[in-house]
Amino acid sequence: MGILESYGLILIILAAVFGFFMAYGVGANDVANAMGTSVGSKALTIKQAIIIAAIFEFAGAYLAGGSVTSTIRSGIIDAGYFTDVPELMVFGMIGALLAAGTWLLVASYFGWPVSTTHSIVGAIIGFALVAVGSEAVQWDKVTGIVGSWVVTPFLAGILAYLIFMSAQRLIFDTDNPLANAKKYVPFYMVFAGFIMSLVTIQKGLTHVGLNISTANGIYLALLIGGIVGIIGKIAISRLKIDPEADKEMHFNNVERIFGILMITTACCMAFAHGSNDVANAIGPVAAVVSVVTSGGEITSRATLAPWILPLGAIGIVIGLATLGARVIKTVGTAITHLTPSRGFAAELSAASTVVIASGAGLPISTTQTLVGAVLGVGLARGIAALNLGVVRNIFISWVITLPVGAGLAIVFFYILKVIFS
């Protein structure tokens with residue numbers, strides 16, 4: 001217990017600094033999942049995307065980030081094995097943050113869209129293996145998390161396919177696509193507004209002292225979704241479009257309408273990403289603060305210190321603003337050619353999947369979810385529409401990420417152990 005008493009403040013400061021570093025990496029790399037499709041479809045410029053993402057990533061992380069945090073903090077390893085040696089848990093969590101943050105910085109610099117969830121989960125498993133042994137890892141929980149990495153891209157792909165095909169049937173494959181776009185696009189906006197507001201109400205408002213029942217939450221989310229749809233309908237009606245133009249020009253005009261919709265879904269995906277992936281940065285910080293402030297006592301669930309969520313949220317925004325453009329370009333233009341209608345289908349399905357997972361407390365990979373959604377949209381147009389070389393490279397980067405995270409965490413764990421022991 002002496003180490004925690006002697007170096008407690010230093011260890012908390014280290015956890016905060018490396019947690020911020022990890023959040024910076026999340027912003028630099030993973031926010032491409034929220035904004036890549038919008039930029040790739042030319043619905044938003046890079047600058048516009050960064051401003052929108054900054055607002056909604058922060059809101060998602062701060063309002064709705066608390067649920068997943070407890071899974072990252074205590075669900076992957078059995079904290080009971082660290083009861084007699086709590087300082088090893090502290091060293092490991094700090095090392096895991098530094099390891100995952102380092103790998104994300106490297107990947108972001110080269111424009112590789114890797115999974116921040118893979119990075120931190122691999123890092124936590126890595127330090128637990130060398131600190132205690134394989135029995136400290138809750139393999140059943142890890143299996144559930146890894147299973148979600150397989151299931152969520154599949155679900156997002158199916159949902160994206162269905163959304164895209166519904167747009168094709170209701171709008172593009174009709175005699176008057178322009179009139180049908182004006183008619184149906186507001187309903188897609190209602191759905192996006194409903195999804196985004198529901199997770200805020202159900203999972204976020206408890207953190208600011210508001211508790212709303214599930215039924216009332218759904219009613220309120222429907223109301224907000226309806227307001228979003230009305231605003232969208234007004235915005236669409238103000239577009240200056242020549243009704244006498246040929247059909248190709250009508251298609252271009254329909255895509256302009258979907259361009260408005262893409263801004264809604266970009267906000268939706270940024271919020272969903274912030275709510276889910278801030279846990280990758282702040283979960284280990286919460287664990288360190290909990291152990292140190294309790295004098296070495298390890299509890300399964302600890303109160304989240306009020307400064308931890310803002311730390312992660314601010315880190316994400318700064319990472320996005322300074323280094324995010326590289327990965328945004330990779331995701332937005334390299335996998336498949338995106339128009340606003342295709343990008344909207346991918347983004348809305350990915351946001352819905354991430355929001356559902358976040359509500360269930362599953363730390364899924366938004367990278368895999370969005371790639372699954374983009375693949376679903378691409379497959380709706382045929383396999384030739386996909387850049388299979390890029391898809392293969394992305395899959396390889398996912399496989400590499402987990403062992404790299406584990407290896408770096410082991411190295412940093414031993415360095416911290418030598419410094420403080």
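How many aromatic pairs does the count come to? In this predicted model, the count comes to 12 aromatic pairs.

**View A. Stacked rings of Phe110 and Trp112.** The ring centres of Phe110 and Trp112 are 5.1 Å apart, and the planes lie at 20°, so this pair is stacked. Phe110 counts as exposed, at 51% relative accessibility, whereas Trp112 is partly exposed, with a relative accessible area of 38%.

**View B. Stacked rings of Phe172 and Phe258.** This aromatic pair shows a distance of 5.8 Å centre to centre and an angle of 15° between the planes. Phe172 belongs to helix 7 (residues 139-172) and Phe258 to helix 10 (residues 247-293), so that the pair links distant parts of the chain, 86 residues apart. Phe172 counts as buried, at 8% relative accessibility; Phe258, at 0%, also counts as buried.

**View C. A cluster of aromatic rings.** Phe82, Phe127, Phe413 and Tyr414 are linked into a cluster by ring pairs.

**View D. Crossing of helix 2 and helix 11.** The axes of helix 2 (residues 32-40) and helix 11 (residues 308-333) come within 7 Å and cross at roughly 60°, which makes helix 2 oblique to helix 11. The crossing is right-handed. Helix 2 contributes Ala32, Met35, Gly36, Thr37, Val39 and Gly40 to the contact, and helix 11 contributes Val327, Ile328, Val331, Gly332 and Thr333. Of the residues in this contact, six are nonpolar, five are polar and none is charged.

Note on methods:
Residues are numbered from 1 along each chain as its sequence is written. This is a predicted model: local features need pLDDT of at least 70, side-chain atom pairs count only at pLDDT 80 or more; totals for chains, interfaces and linings use all residues. Side-chain values use heavy atoms; hydrogens and water are left out. Axes are lines fitted to C-alpha atoms, for helices over the stretch in contact, and angles run from 0 to 180 degrees between N-to-C directions. Helices (H or I, at least four residues) and strands (E, at least two) are DSSP runs, numbered from the N terminus. Angles under 35 degrees count as roughly parallel, over 145 as roughly antiparallel, 65 to 115 as roughly perpendicular and the rest as oblique. A crossing is left-handed if the near helix is turned anticlockwise from the far one by less than a right angle, and right-handed if clockwise. Contact means heavy atoms within 4.5 Å. Ala, Val, Leu, Ile, Met, Phe, Trp, Tyr, Cys and Pro count as nonpolar, Asp, Glu, Lys and Arg as charged, and the others, Gly among them, as polar. Rings of Phe, Tyr and Trp (its six-membered ring) pair if their centres lie within 6.5 Å; planes under 30 degrees apart count as stacked, over 60 as edge-to-face and the rest as tilted. Buried means under 20% relative accessible area, exposed over 50%, partly exposed in between (1.4 Å probe, protein chains only).
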